[in-house]
Amino acid sequence: MSNFIRNMNILALCAFIYTPIYLYNKQINVVIVSVSFIIWFITSLCVEQNWLSRFKPYVPTIMAMILLNILFCISTHTDMYSTMVMSILAYVGVLFFAFYSRHINLLKLPFVFLLVILCLDSIDTIKGNLLMPGISRKQVQFYDTQEVAYLQHVMHIGSYPFLYSLSLFVLPITLFFKNKVLGKLVYIPLILLFVETILYGSYFISLIITIMMLILGLINFNNIKKAVISCVIVASVFLVAKDSILDAIIYIGEKTDSTIIVQHAMEIKSGSGGEGADMVTGGRSSLYTNAILNFMEHPLVGQLSGDKPKYFSMHSELLEYLEKFGLLSFPFFYIWFLLFKTQRKMLRTKKVKTYHAIFFGTLMFFLFVNPIRNEQPFTLMVFCVIPLMLIFLDTKLYNNKLDEQKTNS
């Protein structure tokens with residue numbers, strides 16, 4: 001009976017993972033997500049009755065975030081249904097993490113399943129961008145265009161949540177390879193496929209994050225100090241060899257019809273672009289400045305006052321918290337600190353703790369230069385998948401260390 005319950009738990013998790021990453025029929029999604037979550041929740045309680053105690057620390061913060069979202073929707077006349085559905089689906093990732101952080105042994109099949117789904121979606125994303133160059137960016141350029149959304153959905157073309165998920169996913173995958181969890185025959189094709197997908201997706205910052213995750217993942221770190229020094233060295237190398245690196249990116253971008261990547265690379269190389277480019281963020285400094293100005297207009301309650309933002313901003317998750325909720329946005333910042341603190345407590349090796357800090361630091365950089373709006377699969381990846389992969393690796397390294405100590409003694 002216990003094996004049956006565990007198998008049902010695993011299958012329910014796989015079904016839940018499948019819907020946001022690959023299946024885009026909304027009606028079928030609702031059914032699969034709802035049924036699979038109910039089955040998963042019941043079976044998780046059968047596996048461990050008291051596991052919800054690990055989720056309790058998050059409850060006050062998440063409830064405060066939900067309440068603020070409701071008030072925001074009321075005060076700004078925003079569609080509450082879509083906002084709440086996206087938020088709840090995002091926070092489910094935290095629930096998954098709380099359970100599986102003590103049941104890593106159940107994740108072998110879901111991990112393989114996840115890799116297969118990511119590969120399938122990557123292939124479809126490449127095909128879609130070959131047929132319609134730049135289609136992955138249409139969600140950004142025409143966010144509410146139903147025709148574009150329909151094409152992306154029926155053709156399984158990944159947009160920015162999927163592509164940035166792949167960028168951050170490169171770090172744990174590289175660590176798995178380096179520590180012999182994955183072999184060359186699996187790792188090399190995966191990395192090549194993910195990098196090609198990101199190139200065709202035409203998100204410049206996604207490409208930069210991918211390169212950084214790959215380089216930092218292959219370097220051995222025993223503490224955060226060495227990681228910071230390595231980041232400084234990598235940044236220095238980029239500044240010294242900037243033109244050659246950008247020429248290579250432009251060449252690859254031209255070969256893959258990634259016009260946005262070519263455009264950003266050329267603007268950074270020439271130091272021009274004005275409103276169209278600013279360092280690696282593609283000309284967003286004015287948007288970030290406007291977000292701060294909007295916050296200063298209503299520093300206490302933000303847009304909860306009912307007033308529309310005075311300046312056009314967007315493009316920063318962290319600054320959007322301040323714009324929307326003013327100083328009441330504390331729970332939205334605190335949840336990230338709580339996640340970092342909770343995850344770090346579960347790690348026992350300095351090496352994995354260092355890479356966890358690298359992952360979280362990169363995530364904070366992303367949250368400053370991009371919004372997530374609780375989009376899946378990005379939230380599933382950062383709340384659940386990557387932290388669980390790091391915990392699995394930490395357990396493996398810790399056990400190897402114990403085995404070595406026993407052998408030496």
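Of the 409 residues of this protein, 50% count as buried. The model is predicted. Its secondary structure comes to 18 helices and zero strands. Among contacts between residues at least 6 apart in sequence, 72% join residues at least 24 apart.

**Confidence**

- The protein has a mean pLDDT of 84, and 88% of its residues reach 70 or more.
- Over residues 272–282, the pLDDT is below 50. Beyond near neighbours in sequence, this stretch still has 24 contacts in the model.
- Among the elements, helix 16 (residues 330–345) has the highest mean pLDDT, at 95. Helix 6 (residues 138–141) has the lowest, at 56.

**Helix 3**

- Helix 3 has 18 residues and reaches 26 Å from its first C-alpha to its last. That is close to the 26 Å expected at 1.5 Å a residue.
- Its buried residues are Thr-61, Ile-62, Met-65, Ile-66, Leu-68, Asn-69, Phe-72, Cys-73 and Ser-75.
- These buried residues pack against helix 4 (80–100), helix 15 (317–325) and helix 16.
- Thr-61 lies in helix 3, which covers residues 59–76. Thr-61 counts as buried because its relative accessible area is 8%, under the 20% cut-off.
- Leaving aside neighbours within four places in sequence, Thr-61 is in contact with Pro-331, Tyr-334, Ile-335 and Leu-338.
- Just after helix 3, His-77 takes a positive phi of about 60°.

- The 18 residues of helix 9 should span 26 Å at 1.5 Å a residue. The end C-alpha atoms of helix 9 are 25 Å apart, so the two values agree.
- The buried residues of helix 9 are Tyr-187, Leu-190, Ile-191, Leu-193, Phe-194, Thr-197, Ile-198, Leu-199, Tyr-200 and Gly-201.
- Just after helix 9, Ser-202 takes a positive phi of about 65°.
- The axes of helix 5 (residues 108–131) and helix 9 (residues 184–201) come within 9 Å. They cross at roughly 35°, and the crossing is left-handed.
- From helix 5, the contact uses Leu-115, Leu-118, Cys-119, Ser-122, Ile-123, Thr-125, Ile-126, Asn-129 and Leu-130.
- From helix 9, Leu-190, Leu-193, Phe-194, Glu-196, Thr-197, Tyr-200 and Gly-201 meet them.
- The residues of this contact between helix 5 and helix 9 divide into 10 nonpolar, five polar and one charged.

**Leu-287 in helix 14**

- Leu-287 lies in helix 14 (residues 285–297). Its relative accessibility is 13%, so Leu-287 counts as buried.
- Leu-287 and Tyr-311 are 24 residues apart in sequence. Their C-alpha atoms are 8.5 Å apart in space.
- Leaving aside neighbours within four places in sequence, Leu-287 is in contact with Phe-312, Ser-313, Met-314 and His-315.

**Val-369 in helix 17**

- Val-369 is found in helix 17 (residues 350–369). With a relative accessible area of 2%, Val-369 is buried.
- Val-369 and Ser-316 are 53 residues apart in sequence. In space, they are 4.9 Å apart, C-alpha to C-alpha.

Note on methods. Residues numbered from 1 in each chain as written. Predicted model: local features only at pLDDT ≥ 70, side-chain atom pairs only at ≥ 80, totals over all residues. Heavy atoms only, no water. pLDDT = per-residue confidence, 0-100. Helix = DSSP H or I, 4+ residues; strand = E, 2+ residues; numbered from the N terminus. Contact = heavy atoms within 4.5 Å. Buried < 20%, exposed > 50% of the residue type's maximum accessible area, 1.4 Å probe, protein only. Axes fitted to C-alpha atoms, helices over the stretch in contact; angles between N-to-C directions. Left-handed = near helix turned anticlockwise from the far one by under 90°. Nonpolar A, V, L, I, M, F, W, Y, C, P; charged D, E, K, R; others polar. Expected span 1.5 Å × (residues − 1).
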